[in-house]
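What follows is a walk through one structure, from its overall make-up down to a single residue. Please keep the sequence and the 3D view at hand while reading.

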Number of protein chains: 2
Amino acid sequence: MKIKKEFLAVISILLLAVVPIISFANTEAMQGAGHSDPIAPVILALIIILLAAKIGGELFEKINQPAVLGELISGMVIGNLFLFSGGIFDFGQMFESESINMLAGLGVMILLFQVGLESNIKELMRVGISSLSVAIIGVVVPLILGYYICVLIIPEAGFNAHLFVGATLTATSVGITARVLKDLDKLRTPEAKIILGAAVIDDILGLIILSIVSGIIISGSVSVGTVVYTSITSFAFLFISIIIGLKAAPLIGKKVSGMKVEGMKIVTAFLFLFTMAYLADMIGLAMIVGAFAAGLILDDVSFVNKKEHHIEVLVKPLYCIFVPVFFVLMGIQVKLDVFLDPKIIAIALAITVVSVIGKQLCGIGVRCKNASKLVVGIGMISRGEVGLIFAGVGKGLGVIDDSLFGAIVIMVILTTLITPPLLKWSIARNDRKLGLSKTE
Amino acid sequence: MKIKKEFLAVISILLLAVVPIISFANTEAMQGAGHSDPIAPVILALIIILLAAKIGGELFEKINQPAVLGELISGMVIGNLFLFSGGIFDFGQMFESESINMLAGLGVMILLFQVGLESNIKELMRVGISSLSVAIIGVVVPLILGYYICVLIIPEAGFNAHLFVGATLTATSVGITARVLKDLDKLRTPEAKIILGAAVIDDILGLIILSIVSGIIISGSVSVGTVVYTSITSFAFLFISIIIGLKAAPLIGKKVSGMKVEGMKIVTAFLFLFTMAYLADMIGLAMIVGAFAAGLILDDVSFVNKKEHHIEVLVKPLYCIFVPVFFVLMGIQVKLDVFLDPKIIAIALAITVVSVIGKQLCGIGVRCKNASKLVVGIGMISRGEVGLIFAGVGKGLGVIDDSLFGAIVIMVILTTLITPPLLKWSIARNDRKLGLSKTE
């Protein structure tokens, strides 16, 4: 925890240094100059968010931590500057505009689109029974444990909140584990293949669970009908869109490649992304389910036009600008004063412990003899992006209040912080074991 | 006009084909499904805008017309679908949300940033006296002529409107002329160098005039003080930012290149763009002035990090997605029913004629003996993007009403349509003349 504190301090100082300028800009000038453009406040908010994201991200990368943690914590610094500065600096409603929320929404869609682009359907079908059973255990166990721990410690929050917290604990973050495995040059081990396969299946299961849980909360009751309807819709949506997509996408790609207008490739990709997200919303699923499906389908499209860059190269600049807006905004929405209540800290720690234990049972699902159950279990711990997305949806639905939201963000931060060192340790232990068995 | 009508028809039919689906989506489903994401309507509007932009753009490119005209006319089709369909299809307030306006604003900033990136300060300083005098004549004459023609035919519109229409006629569109010259392989002729140099200076002068005119309108009176203040501020802003920028940008570039976080280059570029736009707004200039200055400065920065793509490659995907939003939205805002009043058609034609004549006097500025005055004059006709931006600002300030806005858009369309054939004709004529004088 020492490192985290130091960095919080450094970030605070850096941010505090730019704040006087920004505060000046925000008050003096905007009241002074008569003809301020109506989008000026949005641009100012974007400047602060991007600056915070990059300062935070850079500092965390420097200490070999994922940049996303830096973005989240910078956001927490900005969102609680009023608290830290004793009420001197106040961004007020700056980050609560329709436009900023829309840009964050765009960011999370681009993120899921990218995750979809990076997952290959055909490879996914090959990862086999181990990944599937690891994924299913990794979703079911934390869901149940999360639900019951909430029933135990916050019975007053009600069924919907209990269910939603459970759902938040299901999702595994592919990015962080993949990054560590890559850094250790262990991407080709059986454990790595199982973990990464399971993480992708986890994403899909997680999105389906999100749809089901949201459906239950909106319809107001756990009817078998709602659960069955949402499950079938979600599965059908993903299945049908993948089947049709795999057939139609190459045709569209070919057609688009013949067009003259510049930028057809990226515009087609985004039209596709937006359309899938909108269709998902229409049939009552989360827009990100559609965004993920869009990425999954486009993954296999080969646009014939080789003059333009690869689709992932074209998406990256949009990713770099908009995805951090989502994470910083998530951080901003954490109200640190909720932690003055020791109960909230207890909840945060309790769901962190539950989410770690829940994923350890994943090892049972490993069917491959030469793969370490421990490494797989640890590799599944980090929650990251998807957990935050869930928490955001829950907040939007009014199920998750400020305290629970804060507790979930802390859980995401803690699980993400402990995964890399634990993973390194478990792999080293496993290597030693294998080494020993060889010399025997 | 035959071609335009045909294409309007084709676009209408294409758009009408997608509209039933969209209308269904817009009414049935959104009322039916309980939990629609709040950003779903924005995404739907984006789908329609991008689809319209690309269908319109593609059709116009196919007949060798600039894509921007297609975007504008598609927008007009969408905006007047209610009229065309006899009230059956109605998008209602869909395109009037804060978010869509913000995205269009982002688009126009990215556009000016890109224009700045493409203009090189050092080259600009070398183009010499011909370009400068051509540019100044091309700004002053249409401004005066535009002002007086309005005083003559619409005296009731008042001083502010007269002045603003005059200002709208000043700006030359670099893109269209450059495209034609490139297609004819004439980019290295003295005429081409003079025209392109003048067009860039025109952009700068145009932005300064926009600031002055806006300043006059907001302060409510033509005081010498306002004009002097705004002129000095504008010049000083551009001058100081360029001087400081040229010194500081390489240092920032070097610093940024050493950073670990991915996408630092594009994020730094956008942070710089947003900051300059915000600073311009703070001192009372238009945000696009800042965006242009940002592009002008970054043009000379060589980021040391060669691992990432060139800055223009990184900006392009963002350009392709957001810039069309601006042009389609401009088209949507043209209410075609204003043309039921023959007076508005008369105004549109009058300002078109004035804007063509005004630029012909530019030839006087040509100091280079072997350059054709006619070619230069014709090359300066097309108004394009910047004229539209002016009209948009005027509409925002409440100076330009729906009828005048429609007339200006028609002027932009007509000047842009006639430039390519006239330019081809005048260059061929000039080539024949040079050929004849050689054989004599």
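The secondary structure of chain A consists of 18 helices and zero strands. This is a predicted model, and its scores are ipTM 0.79 and pTM 0.80. Of the 440 residues in chain A, 55% are buried.

Confidence comes next. The average pLDDT of chain A is 79, and 83% of the residues score at least 70. Among the elements of chain A, the lowest mean pLDDT, 43, belongs to helix α1 (residues 2-32), while α2(A) has the highest, 91. Over residues 1-35 of chain A, pLDDT stays under 50. For this stretch the model has 35 contacts beyond four places in sequence. Where pLDDT is low, the predicted coordinates should not be read in detail.

Within chain A, the domain assignment gives domain 1, covering 2-96, and domain 2, covering 100-439. Where the two touch, domain 1 of chain A contributes 20 residues and domain 2 of chain A contributes 21 residues. On the domain 1 side of this contact, α2 (40-62) and α3 (67-79) of chain A supply at least two residues each. The most comes from α3(A), with 10 residues. Sorted by class, the domain 1 side holds 15 nonpolar, four polar and one charged residues.

How are the two chains placed relative to each other?

The contact between the chains takes 52 residues from chain B and 52 residues from chain A. On the side of chain B, the elements giving two or more residues are α1 (2-32), α2 (40-62), α5 (98-118), α10 (190-219), α12 (264-282) and α14 (311-332). Of these, α2(B) has the largest share, 13 residues. By class, the side of chain B that touches chain A has 32 nonpolar, 10 polar and 10 charged residues.

Helix α15 of chain A (residues 342-360) has 19 residues, so at 1.5 Å a residue it should span 27 Å. Its end C-alpha atoms are 27 Å apart, which agrees. Several residues of α15(A) are buried, among them I347(A), A348(A), I351(A), V354(A) and K359(A).

The last stop is a loop residue. A171(A) lies between α8 (159-168) and α9 (174-183) of chain A. Is A171(A) buried or exposed? It has 29 C-beta neighbours inside 10 Å, and A171(A) therefore counts as buried; the cut-off for this class is 20 or more. Leaving aside neighbours within four places in sequence, A171(A) is in contact with D202(A), D203(A), G206(A), R383(A), V386(A), G387(A) and F390(A). For H310(A), the C-alpha to C-alpha distance from A171(A) is 29 Å, and the two are 139 residues apart in sequence.

How values were computed. Residues are numbered from 1 along each chain as its sequence is written. Chains are lettered from A and ligands numbered from 1 in the order in which they are written. This is a predicted model: local features need pLDDT of at least 70, side-chain atom pairs count only at pLDDT 80 or more; totals for chains, interfaces and linings use all residues. Domain bounds come from an automatic or database domain assignment. Two residues are in contact if their C-beta atoms, placed from the backbone, lie within 7 Å. Helices (H or I, at least four residues) and strands (E, at least two) are DSSP runs, numbered from the N terminus. Ala, Val, Leu, Ile, Met, Phe, Trp, Tyr, Cys and Pro count as nonpolar, Asp, Glu, Lys and Arg as charged, and the others, Gly among them, as polar. pLDDT is the predictor's confidence in each residue, from 0 to 100. A residue is buried if 20 or more other C-beta atoms lie within 10 Å of its own, exposed if 12 or fewer, and partly exposed in between; C-beta atoms are placed from the backbone. The expected span of a helix is 1.5 Å times one less than its number of residues.
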